[in-house]
Amino acid sequence: MIYTALGDSITFGENASSFANAYPQLTVSSLNSSSRRVTGYVMARPGWTSDDLLDSVIWRGAPVLRDSDVVTIWIGGVDLANAALISLKTQQPSAAKQIAANYKRNLSAILNQIKKGCHARIFCCTQYNPFPNSPLAAESVGLLNRLTTELAQSYSTSIVPVHTWFEGKQANLIYGYKNGKIEDALSGSLPIHPNDRGHHVIAAGLAPYLIPRK
């Protein structure tokens, strides 16, 4: 089985203690057994927005995606983070709706591209909220997840509810977690990525979804 993980810095493994402790590698390790051989590929970079992932899927994704049996998509967090930081710095209302419309177009195009080029089972991951004590973050992440769920349903793909695995546990699962407020991101570091424990939680939750159907 070939598993390809598409995403941004979370999928890349930013703030994991090693590449092997990022959730895609942990998932592959847990799926490998005497009766199943799984090979994993990662198409993700820190800072990637949905625009960047779409570009990568279009221009570089075909060789990897063509042979994939299962694909996960986890994108949109950077889109939202950019909107929230602009809003904080300019004291202007959030650009979340505009960002959401762009995200919807991009995710739709990504799904189209994958379905056009391969027969893999596709899973869309929801986004956890790294700032649970900021109403703006809760509203924006909720909007992103609703859009993701609607698009996944319209493309007959499955949803992986990652946000439910982190809800109420962010302080234990996010690297550098402070106060759970968007303002924490203004100090220079971004407390938004999973720590090793968080990556293990994601892998443990994700693996059962990816097991081939009999």
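**Aromatic pairs and their surroundings**

Author: Four aromatic pairs are found in a search of the whole structure. Rings of Phe, Tyr and Trp (its six-membered ring) pair if their centres lie within 6.5 Å; planes under 30 degrees apart count as stacked, over 60 as edge-to-face and the rest as tilted. The pair of Tyr 23 and Trp 74 is tilted, because the ring centres are 5.4 Å apart and the planes stand at 45°. Tyr 23 belongs to helix H2 (residues 23–31) and Trp 74 to strand E3, so this pair ties together parts 51 residues apart in sequence. Helices (H or I, at least four residues) and strands (E, at least two) are DSSP runs, numbered from the N terminus. The model is predicted: local features need pLDDT of at least 70, side-chain atom pairs count only at pLDDT 80 or more, and totals for chains, interfaces and linings use all residues. Residues are numbered from 1 along each chain as its sequence is written, and side-chain values use heavy atoms, with hydrogens and water left out.

Reader: Is Trp 74 buried or exposed?

Author: Buried means under 20% relative accessible area, exposed over 50%, and partly exposed in between (1.4 Å probe, protein chains only). Trp 74 has 0% relative accessibility and therefore counts as buried; Tyr 23, at 0%, also counts as buried. Tyr 128 and Phe 166 form a stacked aromatic pair, with 4.1 Å centre to centre and 5° between the planes. Both Tyr 128 and Phe 166 are buried. One aromatic cluster is formed by Tyr 23, Trp 74, Tyr 128 and Phe 166.

Reader: Which strands pair with E3, and over how many bridges?

Author: Two strands pair if DSSP finds at least two bridges between them. Strand E1 (residues 2–7) runs parallel to E3 and is joined to it by five bridges, with Thr 72 as the bridge partner of Ala 5. E3 also pairs in the parallel sense with strand E4 (residues 121–125), over four bridges; there, Cys 124 is the bridge partner of Ile 73. Val 70, Thr 72 and Trp 74 point one way from E3, Val 71 and Ile 73 the other way, and all are buried.

Reader: How many disulfides does the structure hold?

Author: A disulfide is a pair of cysteine sulfur atoms within 2.5 Å. The structure holds zero disulfides. The sulfur of Cys 124 lies 7.7 Å from the closest cysteine sulfur, in Cys 125, which is too far for a bond. Cys 124 counts as buried, at 1% relative accessibility.
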